[in-house]
Amino acid sequence: MIDKNNEEDNVAVAASGANSGSRNALQAERNLTMRERLSLLFDHEPSFIGENTDYLLAATGMAGGRRICAVSQDTQHLGNGMDAAAWQQVEQATQHVQNENAPLIMVFDGTQTRLDGGIAAWSSLGRLAGTLAAHRALKVALVVGHNSGPNAFLAGLFDVVVMVRSGSSLTLTNADITNRVTHTSLNDDDLGGWKVHADESGVADLVFNNEVLALRAIKRLLRVGTAATSSATPQVASLGYCVGLDTLIPDDPAQSYDVTEALHQVSDTRAFYEVGAGVAHNMVTAFVPIGGHWAGVIANQNKTLAGALDNAACRKAARFVRLCNAMNVPIVTLVDTPGFVPGFEQESGGLAHTVADLLRRYAKSHVPKITVVIGKAYGAAGMALSSAATAAARVVAWDSASMGLAGPKGIEDLAPAQAQTLLPTLTTSHLLQNGALDAVLRPGDTRRWLGQELAALGHASDR
């Protein structure tokens, strides 16, 4: 959800099939030329890099308040596909970006690679992939048209993948090859269309009805990164007590709640910018303005699987940690999890490795990190999100939270002596006394505390 008071905010629809019906009728499909795309993206006329062709443009300039590089393909003028010279031009643009450590926006427009490109095209693609993989600044891919092979391979290296509903797809092997090998009758949309990648694979982080909306939302994302790295003065006066947070979590543990209400409560505008909403509904990832500073919030969603962690949730969170690092946005983790989702499917899917990868992402993250336990933090899942494992600068808990290696049900099953030993680990006061927590908060104080801490951590990182 985006701030409804801002027209450009309002165009950004989270990656899911929601709102596609009525909005499709209102928003006309439109295929833009390369120059029209760049005009929408850049704040002013950009400077072009390399040779201007009818099928490829690369440019640098200001967009969303920061200097970026953009590359756009145009399949309408390409004819037989991208040859070695075209890929070398893309390679030149990405090397320019690497040197400046600037964000890269690339439009993949269904452009095929020419079979006669030879070793020169092969080498350029390899070097290009290596440059993209090593590039640490933000990379955003806009996918329009049917993309397969090299385009899909390269798009997978980007931090954010944006797709449009008007006939976009992304596949490593196209439908013709797939059907011959598997004896099926799929088309490109069945195999890797926007809906597949938004609601199943998680490859598409954001989906829009057309390119105009997508480019505006990309520009909005750039502004979030620009604002996050500014030295804004915290809006302490606006950081009042949030009464709504005091009643967020029901007294009856059998009742569920929607964690997005917590994001509304702590947000300066009561709105937030959600990413990857189509997959792993037990985990919410969003950008939220708090006290004049942007934060990337990772939150267990209680109303889905009680917020328990599974492979999909961990992958979604790990990808978002990487995105926050690319944008230099601080990370706030709101923890309320009873543990891991049990079962053969999760374990055989490599849950142990998936959780380990999430922790590595947290540990290697260079941006400030804050953890707030708002409900349960039980077992290894609770430890993974709310302990020193995430290398958080601050770990706090609500005064109503409970933490430990076992929940109350697990405690009841133990012998009395064991239960007496473990029971104190479920109280926040005990954890505070033993140094596991930096502070215990009343729920309503969370917004004020977060705003002040984000400002303090941001200023400390500027020194």
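This is a predicted model: local features need pLDDT of at least 70, side-chain atom pairs count only at pLDDT 80 or more; totals for chains, interfaces and linings use all residues.
Reader: Ok, and which residue of β5 does V107 stand opposite?
Author: V107 has L142 of β5 opposite it.

Reader: What order do the strands take in the sheet?
Author: The sheet is open and has seven strands, in the order β1-β2-β3-β4-β5-β7-β9, and its pairing is mixed. At the edges stand β1 and β9 (206–208), each of which pairs on one side only.

Reader: Going to the β1 end, how many bridges join β1 to β2?
Author: Two bridges join strand β1 (residues 47–48) to β2, and the two strands run antiparallel.

Reader: Why is β2 described as largely enclosed?
Author: Strand β2 (residues 56–63) has eight residues and seven of them are buried, so the strand is largely enclosed by the rest of the structure.

Reader: Switching to the nonpolar core, which residues touch the most other members?
Author: In the largest nonpolar core, which has 68 residues, those are L142, V162 and F287. If its neighbours within four places in sequence are left aside, L142 is in contact with M106, V107, F108, V162, V164, A214, L215 and I218. Another core lies apart from that one and has 34 residues, including L56, C69, A86 and L154.

Reader: Now helices: at what angle do α3 and α10 pack?
Author: Helix α3 (residues 34–41) and helix α10 (residues 211–228) pack at about 35°, their axes lying 9 Å apart. Their crossing is right-handed.

Reader: Which residues make that contact?
Author: On the α3 side they are R37, L40 and L41, while α10 contributes E211, V212, L215, I218 and K219. Sorted by class, the contact of α3 with α10 has five nonpolar and three charged residues, with no polar ones. Two of the α10 residues named here, L215 and I218, are also among the contacts of L142.

Technical notes: Residues are numbered from 1 along each chain as its sequence is written. Side-chain values use heavy atoms; hydrogens and water are left out. Buried means under 20% relative accessible area, exposed over 50%, partly exposed in between (1.4 Å probe, protein chains only). Helices (H or I, at least four residues) and strands (E, at least two) are DSSP runs, numbered from the N terminus. Two strands pair if DSSP finds at least two bridges between them. Axes are lines fitted to C-alpha atoms, for helices over the stretch in contact, and angles run from 0 to 180 degrees between N-to-C directions. A crossing is left-handed if the near helix is turned anticlockwise from the far one by less than a right angle, and right-handed if clockwise. Contact means heavy atoms within 4.5 Å. Ala, Val, Leu, Ile, Met, Phe, Trp, Tyr, Cys and Pro count as nonpolar, Asp, Glu, Lys and Arg as charged, and the others, Gly among them, as polar. A nonpolar core is a set of buried Ala, Val, Leu, Ile, Met, Phe, Trp, Tyr and Cys residues joined through side-chain atoms within 4.5 Å.
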